[in-house]
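Visitor: Good morning. Could you take me through this model, one part at a time?

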Amino acid sequence: MKKIAWLLAAMTLFALSCSKPGQNDKKEDKKQDETEAPITIDGDFTDWADLKGAVSARNSSESLWEAVKELRVYAQGDYVYYYIRFDKETMKEFFEANDTFPARVNLNTDGEFSSGYQNYFLQGYDFIIEMSLGNGAGGWATAENGTLCQRINDGWSELLGENSGLTIGKGNGYEYELMLDRTIFNDAVAKSAVPMPMGNTFQTSMRFYETSSSGKWEELSNMPNADGGYGNLLEVTFSK
Ligand SMILES: [Ca+2]
Ligand SMILES: [Ca+2]
C-alpha cells in the first residue's frame, strides 16, 4: 500500500511539474463550473438520476391524463431545471403527427395564492412561460421560443418575447430537460408594472397540449395532478 501511495504522490508531482502556467487554474475553473451546474441541458438524463433534493410529482393513479408520467424540478444558483418523463406511446404519436406540442411553465413568485391566475391548479399563479417542445418535423424543439407573461388586472401582459435566453431545453426519446434562467426572468419582471421577482422559494407547475389539425390547442396533461383533477403547485427552494 505504501508503495502505491508513494507512486501516486510521485505521479501527482510529475503532473504538476509538467503543467504549463495557468493550466491548473483552468482545470480548477472547470471543476467549479461542474459543481455549480448540477444539470446539463444535453438530452442525457443521468445527471437527474444522481441529483438529490429535486421536488417531484408523478401522474396520479386516477388522473384524467396519460401523457406525462413524471415532473421533477430543481433550482440552484441562477437556474431552475425541469425534467419531464412522457408516456412513450404518446410521444411516438406526436412525432408521427409532427406536432409542435406546446407547453406552459406556471410560476408563483410572491408566496401568495389568492390572486393571479386561478384556473387549472389548486392555487393561483402569477406567470406563464409558453413554449413548444416539438419542432413540428417529428423531433424535439429547444424551447428557445419561450415567452413570458404575467397576470395583471385579469389579463396576460407579455414581459418577454421569443429567443430572450429565458429557456433552453433538450429532449431525447420520451424525456425532456428544460432550464429557466432566473436572472433573465428577474430582469424582465423588474420592469413589470407589478414586479414580483423570484426569490429563494417559489411554486411551479406545468401544462401540456397537443395541436389539433385546425391548430387549436387541446389539453394533454397538467402536472402535478390529483385523482380526478388538478393538483397543488410544487414548492421549490433554491439549493445553495
Ligand atoms: Ca442532462
Ligand atoms: Ca401569487
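Visitor: What covers the buried residues of helix 4?
Guide: The cover over the buried residues of helix 4 includes strand 3 and strand 10 (201–211). This is a predicted model, in which local features need a pLDDT of at least 70, side-chain atom pairs count only at pLDDT 80 or more, and totals for chains, interfaces and linings use all residues. Residues are numbered from 1 along each chain as its sequence is written, while chains are lettered from A and ligands numbered from 1 in the order in which they are written.

Visitor: Which residues of helix 4 are buried?
Guide: They are Thr-90, Met-91 and Phe-94, in a helix that spans residues 88–96. A residue is buried if 20 or more other C-beta atoms, placed from the backbone, lie within 10 Å of its own, exposed if 12 or fewer, and partly exposed in between. The arc is that of the directions from the helix axis to the C-beta atoms.

Visitor: And what is on the other side of helix 4?
Guide: Lys-88, Glu-89, Lys-92 and Glu-96 are exposed there. After helix 4 comes Asn-98, which has a positive phi near 55°.

Visitor: How many helices and strands does the chain have?
Guide: The chain has 5 helices and 14 strands. Both are DSSP runs numbered from the N terminus: helices are H or I with at least four residues, strands E with at least two. Of its 240 residues, 36% count as buried.

Visitor: What is the average pLDDT of the chain?
Guide: The average is 88, and 85% of the residues score at least 70; pLDDT is the predictor's confidence in each residue, from 0 to 100. Over residues 1–27 the pLDDT is below 50, and this stretch has 1 contact in the model beyond near neighbours in sequence. Two residues are in contact if their C-beta atoms, placed from the backbone, lie within 7 Å. Where pLDDT is low, the predicted coordinates should not be read in detail.

Visitor: Let us turn to the sheet. What is the strand order in the open sheet of 5 strands?
Guide: The order is 1-2-3-9-8, with antiparallel pairing; two strands pair if DSSP finds at least two bridges between them. Strand 1 and strand 8 stand at the edges, each with a single partner strand, so one side of each has no neighbour in the sheet. From one strand to the next, the twist averages 10°.

Visitor: How many bridges join strand 8 to strand 9?
Guide: There are 6, and the two strands run antiparallel, with strand 9 at residues 175–181. Thr-167 stands opposite Leu-180 in strand 9. The hairpin formed by strand 8 and strand 9 has 2 residues between the strands, and Gly-173 takes a positive phi near 65° there.

Visitor: Which residues form the covered face of strand 8?
Guide: Thr-167, Gly-169 and Gly-171 form the covered face, and Ile-168, Lys-170 and Asn-172 the uncovered one.

Visitor: Where does helix 5 lie?
Guide: Helix 5 lies across strand 3 and strand 9, at about 50° to strand 9. Axes are lines fitted to C-alpha atoms, for helices over the stretch in contact, and angles run from 0 to 180 degrees between N-to-C directions.

Visitor: Which residues of helix 5 are buried?
Guide: Arg-182, Phe-185 and Val-189 are buried in helix 5, which spans residues 182–190. Seen down the axis, the buried residues of helix 5 fall within an arc of 60°, so they line one face of the helix. Their cover includes strand 3, strand 6 (147–152), strand 7 (155–160) and strand 9.

Visitor: How many residues has the largest nonpolar core?
Guide: It has 50, and those with the most contacts inside it are Leu-71, Val-73, Tyr-82, Ile-129 and Leu-133. Such a core is a set of buried Ala, Val, Leu, Ile, Met, Phe, Trp, Tyr and Cys residues joined through C-beta atoms within 7 Å. Strand 3 (residues 79–86) gives the most to this core, with 6 residues.
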